[in-house]
Amino acid sequence: MLKGSYTKYFKFQSLVTVDDLHRINEYLHSRCDKVIYNFETSDGADYDADVIENIIGYSNPSNAKIERITMIAQNNGTYSAHNHIVVKFYNRGRWDSSASLYISDANSDEIAAISKDLGIIIEQTKTDYSWMYSRWFFLFLNLLLSVIVTISLNIYIVPFIKDNNASWWLQTFMLQMIILVPLFLGVVRIIEWAYPETVFNIGAQKSYYNKLLNRRKAVLGSIFTIILGVISSILVTKFF
């Protein structure tokens with residue numbers, strides 16, 4: 001029977017919870033004799049763990065928060081290149097992926113079954129705001145801000161510099177870039193602040209996650225207020 005390996009990388013923003021780790025741990029134990037664990041923290045430390053409770057019970061403070069979790073399921077009692085499954089969760093702010101799955105020395109039926117079962121659990125860590133990190137959203141955001149800045153300049157600035165000024169369009173364009181670039185970068189930074197790419201919702205980071213929820217309410221409220229204010233100002237200036 002043919003045997004091979006399988007690798008998949010998951011590239012989305014993730015929220016990894018205690019329940020997610022328990023589900024993966026139970027599945028790995030159902031497939032292999034032994035599971036070993038490792039996790040890295042933001043202060044540069046690297047820890048090996050004997051049981052999943054060592055990771056779940058970690059205090060996870062902000063100055064030494066979890067950056068990567070590795071779970072290795074193996075047969076024959078030793079870690080080797082044969083008969084093992086590796087699941088990793090990453091802080092996507094540092095790595096390109098938020099999770100990865102590796103299966104070794106398995107036949108096609110095993111690969112299909114394991115990749116499907118674990119894939120479902122890993123996909124459940126995907127946040128509901130992952131779309132905010134897509135290239136299409138950033139293109140839309142850039143277009144939206146460009147439209148707002150352009151309309152605002154044409155209403156409030158252009159009428160004052162257009163008369164007897166042959167280069168008014170160049171001055172307007174330069175002013176638009178001066179405003180648009182820092183505005184776009186500022187909005188992106190606010191998104192990253194309120195919607196981080198990866199959260200390991202363990203220990204002290206549970207309270208951090210609750211703070212994030214309040215941040216998001218404040219950010220959404222501010223954005224809505226600003227957009228409504230700009231639209232109202234434009235309508236008043238144009239029609240009244």
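Predicted model: local features only at pLDDT ≥ 70, side-chain atom pairs only at ≥ 80, totals over all residues.
## Ground rules

Local features here need pLDDT of at least 70 and side-chain atom pairs count only at pLDDT 80 or more, while totals for chains, interfaces and linings use all residues. Residues are numbered from 1 along each chain as its sequence is written, and side-chain values use heavy atoms, with hydrogens and water left out.

## The sheet

Let's start with the strands (DSSP E runs of at least two residues, numbered from the N terminus, just as helices are H or I runs of at least four). Six of them make an open sheet, in the order β1-β7-β6-β5-β3-β4, with antiparallel pairing; two strands pair if DSSP finds at least two bridges between them. β1 (4-10) and β4 (46-49) sit at the edges with a single partner strand each, so one side of each has no neighbour in the sheet. On average, neighbouring strands are turned by 10 degrees against each other, direction ignored (axes are lines fitted to C-alpha atoms, and angles run from 0 to 180 degrees between N-to-C directions).

Now for the β4 end: β3 and β4 run antiparallel and are joined by four bridges. Phenylalanine 39 stands opposite tyrosine 47 in β4.

## Two salt bridges

How many salt bridges does the structure hold? There are two, counting a side-chain nitrogen of Lys or Arg within 4 Å of a carboxyl oxygen of Asp or Glu. One joins arginine 68 to glutamate 40, with the closest N and O atoms 2.3 Å apart. This pair links distant parts of the chain, as arginine 68 is in strand β5 and glutamate 40 in strand β3 (residues 34-41), 28 residues apart. Arginine 68 counts as buried because its relative accessible area is 18%, and glutamate 40 is buried too, at 15% (buried is under 20%, exposed over 50%, partly exposed in between, with a 1.4 Å probe and protein chains only).

The other pairs arginine 23 with aspartate 20, at 2.5 Å between the closest N and O atoms. Both lie in helix α1 (residues 18-31), three residues apart, or about one turn of the helix. Aspartate 20 is buried at 4% relative accessibility, whereas arginine 23, at 33%, is partly exposed.

## Who lines the pocket

By class, the lining of the second largest pocket has seven nonpolar residues (Ala, Val, Leu, Ile, Met, Phe, Trp, Tyr, Cys and Pro), five polar and seven charged (Asp, Glu, Lys and Arg), with the others, Gly among them, counted as polar.
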